[in-house]
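I opened this notebook to record what I looked up, entry by entry. The structure comes before the notes.

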Amino acid sequence: MMRFASLGSGSRGNALIVEAGGTCLMLDCGFPLRETATRLARAGLEPSDLAGIIVTHEHADHGEGVFPLARRFGIPVWLTHGTLSALRGESSVEEECALKLIDSDCAFSVGDVLVHPFTVPHDAREPVQYVLSDGARRLGVLTDTGCSTAHIESNLSGCDALVLECNHDLGLLASGPYPPALKARIASRLGHLDNQSSASLLAALDRGRLKHVIAAHLSQANNTPDLARAALAAVLRCEPRWISVATQDEGFGWRDL
């Protein structure tokens, strides 16, 4: 059996957990140590249950809690060379953590989980996103990219579940409270996906195996769950309530594959 859940998703912190066979992995950790432990407990887990942490990129809402958690509980960390270089401001990172450098285009295994990284356009040093599999089922995760690419679509086609960024609504972003420079960065090809861009990406995929679609990384200032659901549901020709949303405070509960 394979299952997955979110501990929270948004600009104030992100973490996803995936379990297959006897292996439990965390994807990103943007929460402080105590908050991470609290959120893991909500999912019925302890930090010691984690076989590893895989990291997408260095931005604080994804990487801030990685090394404190890894150091405290002796958890190995997989990340690209560029992400490690960007995170080297952390004290004694290399001496105190079990670090595993990955090639952004090469799959690797952690216990019963096969991990496929893939490159994405985002304003980070060497960002990746991931497809995770138990050999039979595939979970695709895409939470930080400014645009879609043929490479992204190739990797996410044929998944059984997708956690897909729906960061903002273009109209709400344009009329919202952010300064112009930040609005431009978010909407750029190295920023974040808006609802319609996420829907277009979804439309380009092989969706024949999809059992779960989760809208993730929603901006609390520039989006709403209803807008994100409506955009994705239009592609799937389903009721909007079938689309789940990963919230900042609650994430979402376990989903079985």
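The entries below cover the sheet, the helices across it and the salt bridges.

**Entry 1. Basis.** I worked from a predicted model, in which local features need pLDDT of at least 70 and side-chain atom pairs count only at pLDDT 80 or more, while totals for chains, interfaces and linings use all residues. Residues are numbered from 1 along each chain as its sequence is written, and side-chain values use heavy atoms, with hydrogens and water left out.

**Entry 2. Sheet.** I looked up the strand order and found an open sheet of seven strands, β7-β8-β9-β10-β11-β12-β13, with mixed pairing. β7 (108-110) and β13 (244-245) stand at the edges with a single partner strand each, so one side of each has no neighbour in the sheet. I took strands as DSSP runs of E with at least two residues, and helices as runs of H or I with at least four, numbered from the N terminus. Two strands pair if DSSP finds at least two bridges between them.

Entry 3. I then examined β11 (residues 161-165) and β12 (residues 212-216), which pair in the parallel sense over five bridges. V163 stands opposite I214 in β12.

**Entry 4. Helices.** I noted that helix α9 (residues 195-203) lies across β10 (138-142) and β11, at about 150 degrees to β11. Helix α10 (residues 225-236) lies across β11, β12 and β13, at about 145 degrees to β12. Axes are lines fitted to C-alpha atoms, for helices over the stretch in contact, and angles run from 0 to 180 degrees between N-to-C directions. Contact means heavy atoms within 4.5 Å.

**Entry 5. Salt bridges.** How many salt bridges does the structure hold? I found nine, each defined by a side-chain nitrogen of Lys or Arg within 4 Å of a carboxyl oxygen of Asp or Glu. R3 forms one with E19, the closest N and O atoms being 2.8 Å apart. This pair links strand β1 (residues 2-8), which holds R3, to strand β2 (residues 15-20), which holds E19, 16 residues apart. E19 counts as buried at 17% relative accessibility; buried means under 20% relative accessible area, exposed over 50%, and partly exposed in between (1.4 Å probe, protein chains only).

I next looked up R12 and D249, whose side chains meet in a salt bridge at 3.5 Å, N to O. R12 lies in the loop between β1 and β2 and D249 in the loop between β13 and β14 (252-256), 237 residues apart. R12 is partly exposed at 48%, and D249 is partly exposed at 41%.

I lastly recorded a network of salt bridges that links D160, R209 and K211.
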